[in-house]
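Please look at the structure before reading on.

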Amino acid sequence: MLLALAACSGTPYDEGEDGSTAGSGAGGDETLTIAIQAWMSDKLYLNQMAESFEEETGVTVNLVEYADNQALSNFALQWSQGTSNQDIVVVDGASTAVQFLTRGLIIDFNTTDFFTGDLAKENFVGESLSFTELDGVQFAIPFGLEVYNISANRTFFEEADLLDADGNIPVPADWEELYEISAALSEHTGGPGMTIQWGPNAVPTMLAVEQAARGDIFADDGSTLTFDTPEMREILEIWRRGVEEGVFSVDTFANKDAGRSNFNAGGLPMLLETASRVPEAAPTIGVENAEVIAMPGSLENGSFGFSAGVIIPTESENQELALQFIREAMMSEHQVGAGQEWGKLPVLTTYFDEIEADWKDDMYEFVRLSVPAPMYRDLPVIQERGKQMLQEYLTGSTDVDGFLEQVEGMIADSNLGTQ
């Protein structure tokens with residue numbers, strides 16, 4: 001399950017016969033093992049953080065890859081048996097850690113002295129701590145903030161004569177206007193005007209556009225996710241029309257990174273998914289051409305915000321050392337580099353303010369206003385099945401009524417609690 005990534009000190013990951021992590025630190029006896037997904041080492045600057053911590057403390061830091069979120073169930077099995085090969089786990093999408101809560105497998109940061117001094121809760125960006133909190137339990141620390149919105153390449157708007165009188169990319173007032181802009185770009189380029197993330201993250205896309213459009217993602221009870229709303233019905237109809245007319249690309253069906261790759265290479269006018277694509281694409285398409293524009297309603301209501309989550313297993317024998325690493329290495333100025341280069345934004349306001357980029361202020365406001373995914377036990381199931389249902393609808397297998405009946409029925413049958 002776990003593959004060695006190469007520890008920052010050069011010590012490979014290994015398991016002793018007792019299941020503990022082998023290796024000794026530069027100080028002689030301390031090793032910290034951090035489980036991550038492969039992309040995190042560079043894009044979250046975890047390599048730099050681990051190297052700095054090793055230099056300052058003499059502790060050996062092992063960064064160990066796990067394949068994807070499916071591997072988390074294996075961690076849970078091990079932890080429930082009273083052992084842990086991991087001292088820290090960084091999960092992709094903090095809400096995925098909810099599965100560990102009811103079994104008491106991860107610590108509550110509120111029961112530690114973590115939120116003191118510079119790390120006092122009021123120093124975190126917006127409502128980012130709510131992305132990793134449930135029923136008063138701070139089950140994770142947010143890390144690498146992201147928010148859904150539209151990444152745009154200014155070059156296409158200039159060439160298609162779509163800039164406004166002040167020379168700015170127009171901010172669409174509603175989805176009909178956004179469709180018209182996308183159609184004009186499509187006519188100019190001969191390709192899609194916008195790619196929308198309808199791959200594995202299709203449900204987060206739906207959360208983002210609904211939150212932006214109506215300022216809520218829940219039914220009248222305030223806790224049950226719903227997409228059967230007038231706003232979403234209108235958006236879904238526009239999406240279907242855009243697919244049928246080639247204005248919106250379905251490339252992400254087969255390759256979730258298709259839109260990202262095309263945008264970063266300068267071949268796509270607009271991309272609706274995490275707005276981190278703007279700093280990612282800037283070195284290729286030009287800083288002056290990479291812009292974040294607000295999807296309809298997001299200036300007032302935000303959209304879908306999320307982060308990675310940093311968790312500590314209760315069975316780790318190095319909890320104090322793990323807390324020290326999070327405090328000193330992860331909650332450090334390295335967050336500025338990750339934010340500026342990759343759009344994995346700092347969770348502390350002081351470091352957010354240090355980013356030097358034209359998109360920073362807009363991104364801050366989007367993050368501040370945005371909401372996380374519901375902390376449902378069956379959220380992974382809802383995301384997987386919801387993606388399939390949406391793709392079937394967009395390609396004509398069912399109409400909007402049939403699609404919403406399927407989705408609402410799935411939500412009604414899902415475990416929305418933590419018990």
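Asp113 is partly exposed, because its relative accessible area is 47%. The model is a predicted one. Arg327 is likewise partly exposed, at 25% relative accessibility. The side chains of Asp113 and Arg327 form a salt bridge, with 3.4 Å from N to O.

**Other salt bridges**

How many salt bridges does a search of the whole structure find? The search finds 17. Side chains of opposite charge can pair when their charged atoms come close.

A salt bridge also joins Glu231 and Arg214, whose closest N and O atoms are 4.0 Å apart. This pair links distant parts of the chain, with Glu231 in helix H7 (residues 230-244) and Arg214 in helix H6 (residues 202-214), 17 residues apart. Glu231 has a relative accessible area of 29% and is therefore partly exposed. Arg214, at 27% relative accessibility, is partly exposed.

Within helix H7, Arg240 and Glu244 are 4 residues apart, about one turn of the helix. Their side chains meet in a salt bridge of 3.1 Å, N to O. Is Arg240 buried or exposed? Arg240 counts as buried because its relative accessibility is 16%, which is under the 20% cut-off. Glu244 counts as exposed, with 58% relative accessibility, a value over the 50% cut-off.

| Salt bridge | N to O distance |
|---|---|
| Asp113 and Arg327 | 3.4 Å |
| Glu231 and Arg214 | 4.0 Å |
| Arg240 and Glu244 | 3.1 Å |

Elsewhere, a network of salt bridges links Lys256, Asp257, Arg260, Glu273, Arg277 and Glu280.

**Aromatic rings**

The structure holds 17 aromatic pairs. One of them is the edge-to-face pair of Phe109 and Phe114, with ring centres 5.7 Å apart and 70° between the planes. Phe109 and Phe114 are both buried. Phe114 also pairs with Phe115: the ring centres are 5.2 Å apart and the planes lie at 85°, so this pair is edge-to-face. The relative accessibility of Phe114 is 0%, so Phe114 counts as buried. Phe115 is buried too, with a relative accessible area of 15%.

Which residues form one aromatic cluster? The members are Trp175, Tyr179, Trp198, Trp239, Phe248 and Phe253.

**A helix residue and its distant partner**

Ala183 is part of helix H5 (residues 175-189). At 24% relative accessibility, Ala183 is partly exposed. Ala183 and Gly242 are 59 residues apart along the chain, and their C-alpha atoms are separated by 8.1 Å.

Glu333, Asp353, Glu354, Glu356, Asp361 and Asp362 form a negative surface patch. Where is Glu356 placed? Glu356 lies in the loop between helix H13 (349-352) and helix H14 (360-369). Glu356 counts as exposed because its relative accessibility is 69%.

Terms used: Residues numbered from 1 in each chain as written. Predicted model: local features only at pLDDT ≥ 70, side-chain atom pairs only at ≥ 80, totals over all residues. Heavy atoms only, no water. Patch = residues over 30% accessible without salt bridge, like charges linked within 9 Å, V, L, I, M, F, W, Y side chains within 5 Å. Areas by Shrake-Rupley, 256 points an atom, 1.4 Å probe, with all protein chains shown as cover. Lys, Arg positive; Asp, Glu negative; His and termini not counted. Charge placed at Lys NZ, Arg CZ, Asp CG, Glu CD. Helix = DSSP H or I, 4+ residues; strand = E, 2+ residues; numbered from the N terminus. Buried < 20%, exposed > 50% of the residue type's maximum accessible area, 1.4 Å probe, protein only. Phe/Tyr/Trp six-rings, centres within 6.5 Å; stacked < 30°, edge-to-face > 60°.
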